[in-house]
Amino acid sequence: METPKNYTEGLNLNILFGNLSIRVSTLVKTQPDPGWHVYPHSHFDYEFHIIPRGKGIIRIQGSEFTVTGGEFYITGPQIIHEQISDAQDPMEEYCLECEIMAVDGIPDAYALPLQQERLLTDILSQPYSRPFRDTAGIAGRFEALFREVEEEPAGFFLKLQ
């Protein structure tokens, strides 16, 4: 199995969204492999898993579902999950792992209302036992990010943010 490539290695990528600090720890691209299996594990961070092609089985907190190209799923902190690539149509996966924290001292004009901040983190922390359709073209945006990091054109770091 080919080792997944971490596109954020060496980058200190922090994004400020209102009064939420989003620190990207990994942006990984896993190539399709019929033997790809990530055993049950969890993280302290949030993970966004995008499946651009192929299919696989995902287990989250004891629930199991099939994921196919054009879908994504989310795992929050301490959510146990497992990924198994389909042997006949192995999935490719893009994974963004990030820490989301509230920061103090943001001027009111830029801060998110506390209700919105809590709603966002509550939604992202739930153990969803199903995939979601990528209706916003997230996979294409990830592919553009991968190209930026590989080519490193002028201003690429600002574009990543």
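Arg-53 counts as partly exposed in this predicted model, with a relative accessibility of 42%, where partly exposed is the range between buried, under 20% relative accessible area, and exposed, over 50%, for a 1.4 Å probe and protein chains only. The model is predicted, so local features need pLDDT of at least 70 and side-chain atom pairs count only at pLDDT 80 or more, whereas totals for chains, interfaces and linings use all residues. Residues are numbered from 1 along each chain as its sequence is written, and side-chain values use heavy atoms, with hydrogens and water left out.

**Salt bridges around Arg-53**

- Six salt bridges are counted, a salt bridge being a side-chain nitrogen of Lys or Arg within 4 Å of a carboxyl oxygen of Asp or Glu.
- One of them joins Arg-53 to Glu-92, with the closest N and O atoms 3.0 Å apart. Because Glu-92 lies in strand S10 (residues 92–102) and Arg-53 in strand S5 (residues 46–53), this pair ties together parts that are 39 residues apart in sequence; strands (E, at least two residues) and helices (H or I, at least four) are DSSP runs numbered from the N terminus.
- Glu-92 is buried, at 5% relative accessibility.
- Arg-53 also forms a salt bridge with Glu-143, and here the closest N and O atoms are 3.3 Å apart. This second pair links distant parts of the chain, with Arg-53 in strand S5 and Glu-143 in helix H2 (residues 138–151), 90 residues apart.
- Glu-143 has a relative accessible area of 24% and is therefore partly exposed.
- Taken together, Arg-53, Glu-92 and Glu-143 are linked in a network of salt bridges.

**Glu-82 and its surroundings**

- Glu-82 forms a salt bridge with Arg-59, in which the closest N and O atoms are 3.2 Å apart. Since Glu-82 lies in strand S9 (residues 81–85) and Arg-59 in strand S6 (residues 55–60), the pair ties together parts that are 23 residues apart in sequence.
- Glu-82 counts as buried at 9% relative accessibility, while Arg-59 is partly exposed with a relative accessible area of 31%.
- The side chains of Glu-82 and His-37 are joined by a polar contact of 2.6 Å, a polar contact being a pair of N or O atoms within 3.5 Å in which, within protein, one must be able to donate a hydrogen and the other to accept it, and residues adjacent in sequence count only if both atoms are side-chain atoms.
- When residues up to four places away in sequence are not counted, Glu-82 touches His-37, Val-38, Tyr-39, Pro-40, Ile-57, Ile-58 and Arg-59, contact meaning heavy atoms within 4.5 Å.

**Val-38 in strand S4**

- Val-38 lies in strand S4 and, at 24% relative accessibility, counts as partly exposed.
- Leaving aside neighbours within four places in sequence, Val-38 is in contact with Glu-82 and Gln-83. The C-alpha atoms of Val-38 and Gln-83 are separated by 5.0 Å, although these residues are 45 residues apart along the chain.

**The second largest pocket**

- Of the 14 residues that line the second largest pocket, the closest to its centre are Val-28, Glu-47, Gln-83, Glu-93 and Cys-95. A pocket is an open set of points on a 1 Å grid over the protein atoms alone, where a 1.4 Å probe fits and protein lies on both sides within 12 Å along at least five of seven lines, and lining residues have an atom within 4 Å of a point.
- Strand S3 (20–30), strand S4 (37–41), S5 and S10 each supply at least two residues of this lining.
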